[in-house]
Amino acid sequence: MEITDLIEKARKKDQKAFNTLLNTYWSDVYKFQFLKTENEDEAEDITIKTFSKAFDKIHLYNERYNFKTWLISISKNIFLDHLRKQRTETISLNKKESEAYKISDETPSAEDQLIIEQNLVQLRNYIKKLKPNYQEIINLRYFREMSYKEIADTLDEPMNNVKVKLLRAKKLLAEIIKKTS
């Protein structure tokens, strides 16, 4: 299947087309990020974010440009944002170094526990508004506390697909929560 056909199907929310595009271009984007970050975890995180953003914005893709080039430019922008965020965190950490370390009891009080349980019930209600495949992946990751590998094995899907699907599920969940708040 031609890339242009896949892009057109992906614009129509075809999950198989998304997966094929992901599998086709994953290594290109990952290699680009690994050369930039020199860190496997950071490169993988930024690559996942790249595909998530690309799939969210695929309607904006202009066919006059190479799809791989479009993905790499998205990835480069995410990397630059990542660098800016790291610099900000480093500055704020340095400011706190002079403060004395405080040790506190972090065990939730009875009231805190009640609030946590109420929030959990509300969160589960929000999750029920997602499509079943997104509900399942959220439940496997956050309630059953499975690793990406375990989820990939359970769903019989490539781990990269699981990561992107989970990121998309979290975005959709955040939108649902925002709308009802």
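Reader: In which helix is Asn160 found, and is Asn160 buried or exposed?

Author: Asn160 is found in helix 8, residues 159-180, a helix being a DSSP run of H or I with at least four residues, numbered from the N terminus. The model is predicted, so that local features need pLDDT of at least 70 and side-chain atom pairs count only at pLDDT 80 or more, while totals for chains, interfaces and linings use all residues. Residues are numbered from 1 along each chain as its sequence is written, and side-chain values use heavy atoms, with hydrogens and water left out. The relative accessible area of Asn160 is 18%, to be set against a scale on which buried means under 20%, exposed over 50% and partly exposed in between (1.4 Å probe, protein chains only); Asn160 is therefore buried. Leaving aside neighbours within four places in sequence, Asn160 is in contact (heavy atoms within 4.5 Å) with Leu22 and Trp26.

Reader: Why is Val164 called buried, and which residues is Val164 in contact with, leaving aside its neighbours within four places in sequence?

Author: Val164, which also lies in helix 8, has a relative accessible area of 4% and is therefore buried. With those neighbours left aside, the contacts of Val164 are Leu22, Ile48, Phe51 and Phe55. The C-alpha atoms of Val164 and Thr47 are separated by 9.3 Å, although the two residues are 117 places apart along the chain.

Reader: Which residues touch the most other members of the largest nonpolar core?

Author: A nonpolar core is a set of buried Ala, Val, Leu, Ile, Met, Phe, Trp, Tyr and Cys residues joined through side-chain atoms within 4.5 Å. The largest has 27 residues, of which Leu21, Phe51, Phe55, Phe67, Trp70 and Leu71 touch the most other members. Two or more residues each come from helix 1 (3-11), helix 2 (15-37), helix 3 (40-56), helix 4 (67-96) and helix 8, and helix 2 gives the largest share, eight residues. A second, separate core of 16 residues includes Tyr126, Leu130, Ala152 and Leu166.

Reader: How do you know on which side of helix 7 its buried residues lie?

Author: The buried residues of helix 7 (residues 148-155) are Ile151, Ala152 and Leu155. They cover an arc of only 100° around the axis, and therefore lie on the same side of helix 7; the arc is that of the directions from the helix axis to the C-beta atoms. These buried residues pack against helix 6 (132-143) and helix 8.

Reader: Why are helix 6 and helix 7 called oblique to each other?

Author: Their axes come within 10 Å and cross at roughly 140°, the axes being lines fitted to C-alpha atoms over the stretch in contact, with angles from 0 to 180 degrees between N-to-C directions. Angles under 35 degrees count as roughly parallel, over 145 as roughly antiparallel, 65 to 115 as roughly perpendicular and the rest as oblique, and helix 6 and helix 7 are therefore oblique. Glu136, Ile137, Leu140 and Arg141 of helix 6 make the contact with Tyr148, Ile151, Thr154 and Leu155 of helix 7.

Reader: What makes helix 1 and helix 2 oblique to each other, and which residues meet there?

Author: The axes of helix 1 and helix 2 come within 8 Å and cross at roughly 135°, and the two helices are therefore oblique to each other. Ile3, Leu6, Ile7, Lys9 and Ala10 in helix 1 meet Ala17, Phe18, Thr20, Leu21, Thr24 and Tyr25 in helix 2.
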